[in-house]
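I opened this notebook to record what I looked up, entry by entry.

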Amino acid sequence: MENTFIPYEKALSILEEHKGEFPIESRNLEDCIGAYLAEDLLADRDFPPFDRVTMDGIAIVYGTFENGKRTFNIESVAAAGTPQLTLKDTQNCIEVMTGAIMPNGVDTVIRYEDLTIENNQATINLDSLNHKQNVHFKGIDIAQGTKIVNQGKKLSSAEINIAAAVGKASLLVKKMPKVVIFSTGDELVPVHQTPKLHQIRRSNIYGIQATLKEWGVLAKLEHLADNKEEMLATISVLLKEYDLFIFTGGVSKGKFDYLPDVLEELKVKKHFHKIQQRPGKPFWFGSNTEGKKIFALPGNPVSSFVCVYMYLQFWLQKSLGIEQEVLHVKLKNDVEFKPDLVYFLEATLESNPDGTLSAEAIKGNGSGDFANLVKTDGFLILPQNKSQFFANEVYPFVPYRTKW
Ligand SMILES: Nc1nc2c(c(=O)[nH]1)N[C@H]1C(S)=C(S)[C@@H](COP(=O)(O)OP(=O)(O)OC[C@H]3O[C@@H](n4cnc5c(N)ncnc54)[C@H](O)[C@@H]3O)O[C@H]1N2
Ligand code: MOO
Ligand SMILES: [Mg+2]
């Protein structure tokens with residue numbers, strides 16, 4: 001299929017058509033933060049599992065206080081982590097500690113701050129009490145057997161907490177693909193090296209690797225010179241080892257932009273090459289019959305960065321069965337963009353006192369100006385069918401940093 005120069009929405013639908021299938025693995029709970037849950041989490045017992053004392057103090061029968069009793073003999077002490085006690089005489093009290101199981105026969109807890117304790121007697125210094133106060137009742141939060149977390153959820157510390165509480169020392173999670181990120185180009189030198197005048201450091205791949213790490217995907221870095229034979233040899237070996245391939249550079253019209261040809265020679269089927277967008281127009285995407293997916297991103301640093309957030313992120317979300325939640329923000333400044341392309345424009349994200357979010361577009365010096373990314377927080381998606389964008393209009397925004 002020759003679907004050259006396709007619109008943004010078409011690129012997304014092709015990516016969705018070729019979404020990945022991620023297997024399931026078991027992982028120690030300590031290593032699950034950020035992973036995608038592949039099982040439902042059920043309450044193995046009531047939450048809380050027993051009537052739990054929530055204040056250190058004494059527990060009494062409320063009716064005795066209502067009948068005018070203020071001073072109680074202390075019968076026993078209920079500590080957290082000890083089996084349930086029973087009040088023997090309804091005119092007495094039991095000292096109770098936070099986290100202890102409420103003793104049998106009592107119903108109301110009064111904290112130490114509201115008591116005077118002398119000679120093994122507690123006197124309540126209050127005129128009124130609430131019946132059953134300071135008790136967290138069995139099952140009030142969640143009943144045994146309830147589904148607490150649905151599979152598919154990205155695990156935050158809240159879910160890790162719950163998993164631990166229901167006795168899961170390990171969890172079934174989605175195994176993320178094995179990824180390799182290639183820089184391509186004879187001008188690129190390793191980060192530790194001092195470049196000659198005509199050289200630059202291979203920075204793109206570090207940014208992409210870091211982004212993937214934030215998304216729970218580990219990636220290895222490789223470099224390819226602008227040499228067709230070498231590219232063919234290296235990629236054909238690594239095609240056996242990795243699931244997802246990300247290339248930066250070598251996909252445009254230059255004499256040494258061999259990558260599209262190399263990939264097709266290696267039987268990777270092209271699904272699209274070039275999108276009606278700026279930046280990132282020459283983005284190439286394909287896959288082979290073994291299900292290996294190839295994202296060949298344009299080399300310009302802002303272009304590859306944009307494609308990672310606009311397309312690779314989308315593809316990962318679809319592969320994980322997650323619906324993308326799109327942030328909408330108010331444009332802060334007027335923008336003009338005449339080409340008939342979707343425009344991914346760098347912008348800062350700000351919160352307003354009225355509870356809305358705004359984005360100030362900060363146009364850099366083109367897709368080579370990756371220093372501009374340090375000044376901004378994400379990309380506005382300015383649609384293709386317009387050329388004037390006015391302050392206070394609302395547009396989608398894709399953040400690349402967590403601001404707050
Ligand atoms: N005749 C045309 N020329 C170009 C077109 C076009 O349509 N017709 N498109 C331009 C656009 S848009 C882009 S984007 C670039 C994409 O080019 P390539 O994907 O072939 O990338 P390269 O040529 O290899 O490199 C472009 C640029 O980016 C720098 N680069 C590459 N990799 C890295 C890296 N890992 N770290 C930092 N910088 C990197 C590279 O040195 C180049 O300066 O093509 C335009 N040309
Ligand atoms: O897509 Mo290129 O990224 O416009 O420079
Ligand atoms: Mg090129």
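The entries below follow that order.

**Conventions.** I worked from a predicted model, in which local features need pLDDT of at least 70 and side-chain atom pairs count only at pLDDT 80 or more, while totals for chains, interfaces and linings use all residues. Residues are numbered from 1 along each chain as its sequence is written, chains are lettered from A and ligands numbered from 1 in the order in which they are written, and side-chain values use heavy atoms, with hydrogens and water left out.

**Cysteines.** I searched for disulfides, taken as pairs of cysteine sulfur atoms within 2.5 Å, and the count came to 0. I then looked up exposure, where buried means under 20% relative accessible area, exposed over 50% and partly exposed in between (1.4 Å probe, protein chains only). Cys32 is buried, at a relative accessible area of 0%. Cys93 is buried as well, with a value of 0%.

**Ligand 1.** I listed the residues having a heavy atom within 4 Å of the ligand. There are 21 around ligand 1, and the closest are Glu187, Gly250, Ser252, Lys281 and Gly299. I noted that this shell holds 5 nonpolar, 10 polar and 6 charged residues; Ala, Val, Leu, Ile, Met, Phe, Trp, Tyr, Cys and Pro count as nonpolar, Asp, Glu, Lys and Arg as charged, and the others, Gly among them, as polar.

For polar contacts I took pairs of N or O atoms within 3.5 Å. A polar backbone atom of Ser203 lies 3.1 Å from a nitrogen atom of ligand 1. Oxygen atoms of ligand 1 are found 3.1 Å from a polar backbone atom of Val251 and 3.0 Å from one of Ser252. Of the 870 Å² of accessible area that ligand 1 has on its own, the protein covers 71% (Shrake-Rupley method, 1.4 Å probe).

**Ligand 2.** I found Pro279, Gly280, Lys281, Pro282, Asn300, Ser303 and Ser367 around ligand 2. By class they are 2 nonpolar, 4 polar and 1 charged. Oxygen atoms of ligand 2 lie 2.4 Å from a polar backbone atom of Gly280, 2.9 Å from a backbone N or O atom of Lys281 and 3.1 Å from a polar side-chain atom of Asn300.

Technical notes
A polar contact is a pair of N or O atoms within 3.5 Å; within protein, one must be able to donate a hydrogen and the other to accept it, and residues adjacent in sequence count only if both atoms are side-chain atoms.
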